[in-house]
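Biologist: I would like to learn how to read a model like this. Please show it to me first.

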Amino acid sequence: MVAQTEGRPHRFWRWRRRQRFWIEMRPAIKSSNFGRRRVGILVKGMYELWGEGSSYDELEEAIRNYPDENKLPYLVAESTFKITVDSFGKIISFQEQNDRIRGLTYIPFKGRVNLKNPEHKFWLIETDDYGSNNGLPPVVQKRIFFGREVGAADRKLLPTYQLKSRTYLGPTAMDAEMAFLMANQALATSGKLVYDPFVGTGSILVAAAHFGAMTMGADIDIRVVRDGRGPDCNVWSNFKQYQLPMPISLLRADNNLPPWRPGLKEVFDAIICDPPYGVRAGGRKSGGRKLLKGVVGPYTVPDDKRTDHIPSTAAYSLVECVHDLLDLAAKMLVMGGRLVYFYPVLREDDSIDTHFPEHPCFKLIASCEQILSFRYSRVLLTMVKIGPYTEEIAETARLKHLEFKENHVKWLEEGNLHAAVFSQSGDDAAAGDSKFSKDSKPKYRGKYV
């Protein structure tokens, strides 16, 4: 994502396995604008690498061999600088940090030290083999890096947008950090139009608007998008709170019955959403049980009752919801547009089923698992539109949906996910412990479900 945001193809980047670094294979960064560009939410910083080695002697040799024309502009007497020592997999004491900084005397710094607001920030970063005591994969070997910071994540971003200070919240409001990750995956930026068909209290659109995108949302509950909790506590209030551009529109709309006129296609640059799984909140679609079963016919709401009318709804399984979402995205996304959404999975033996919904118009480019409990995860899927939508494509997608529904997602029907999340494990049931037999109230499988 960072490579695409910066406008550089992936072939210029390589992953330094087990050392937590991406190395960009390109000349030294000379543009002062580079550091002002957006850096990924999970990226701590971007650095111009001056040297690296498995020991400080190797590091010194590498830095001395780094071209002077790339180093000297940042070491002049008129400049200010700061050196930060950081580590991964170990703790370096304050005294050790000072000793390491004093060991860099071979670098001809001529400027003044400024710890509060330096013009240039330099980083000395160590990785070490810390074993498996802290639960993280071990680092292959000790490595030391030195470089100049050219970009850093905005550390004030998440505290500013944290949910506990949000004006209008609902039970399924997306965590601020996750919303920003989703907006990044969708490449939300100025000039793009982002749509959320399950907008709720607008958490995802707030993140997209922060990055400059135009936003639009819909929800089946008219009380959420129109009323909120009053004129000063609604979806619009969240945008006012952060002084963000207001959404173009918030619709009362059903994902199962899209409101778009026939022939309207390729409007949105990205669709970002968190479909209802049936754990915290179940999906709903228009109609009501009696209407869907044919017991009653369609009706027209009288004009004098339309203002306060709340339409009847019926259960909406995730299988049907995801199929409708893919069909909507295939029609309404521009070519190259992105669909980013969460998809729930059950965990078996610490693994998940990697068969995800497919559509002929889309290519899956990323799947990132978020473990919510030992029985339940959700996977953030990122798909790119690679082909136009036609009636033939729609029929092919329908057949793919039926095959996928038959072979992979039987547990998603009729609230089975909810039962799996709240049910006792097999071991607990077999043990017959009096603690479980006396208390029949279902328990959450994890704190984040």
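What follows covers confidence, the nonpolar core and salt bridges.

Modeller: This is a predicted model: local features need pLDDT of at least 70, side-chain atom pairs count only at pLDDT 80 or more, and totals for chains, interfaces and linings use all residues. Residues are numbered from 1 along each chain as its sequence is written, and side-chain values use heavy atoms, without hydrogens and water.

Biologist: Where is confidence lowest and where highest?

Modeller: pLDDT is the predictor's confidence in each residue, from 0 to 100. Helices (H or I, at least four residues) and strands (E, at least two) are DSSP runs, numbered from the N terminus. Helix 15 (residues 434–438) is lowest, at a mean of 42. Strand 8 (residues 193–196) is highest, at 98. The protein's mean is 81.

Biologist: How many residues does the largest nonpolar core have?

Modeller: Such a core is a set of buried Ala, Val, Leu, Ile, Met, Phe, Trp, Tyr and Cys residues joined through side-chain atoms within 4.5 Å. Buried means under 20% relative accessible area, exposed over 50%, partly exposed in between (1.4 Å probe, protein chains only). Here the largest has 41 residues. Tyr 161, Met 182 and Val 194 have the most contacts inside it. Helix 6 gives the largest share, seven residues.

Biologist: Which residue forms a salt bridge with Glu 48?

Modeller: A salt bridge puts a side-chain nitrogen of Lys or Arg within 4 Å of a carboxyl oxygen of Asp or Glu. Glu 48 pairs with Arg 148, at 2.7 Å between the closest N and O atoms. Glu 48 lies in strand 3 and Arg 148 in strand 7, so the pair ties together parts 100 residues apart in sequence. Glu 48 is buried, at 4% relative accessibility. Arg 148 is buried too, at 8%.
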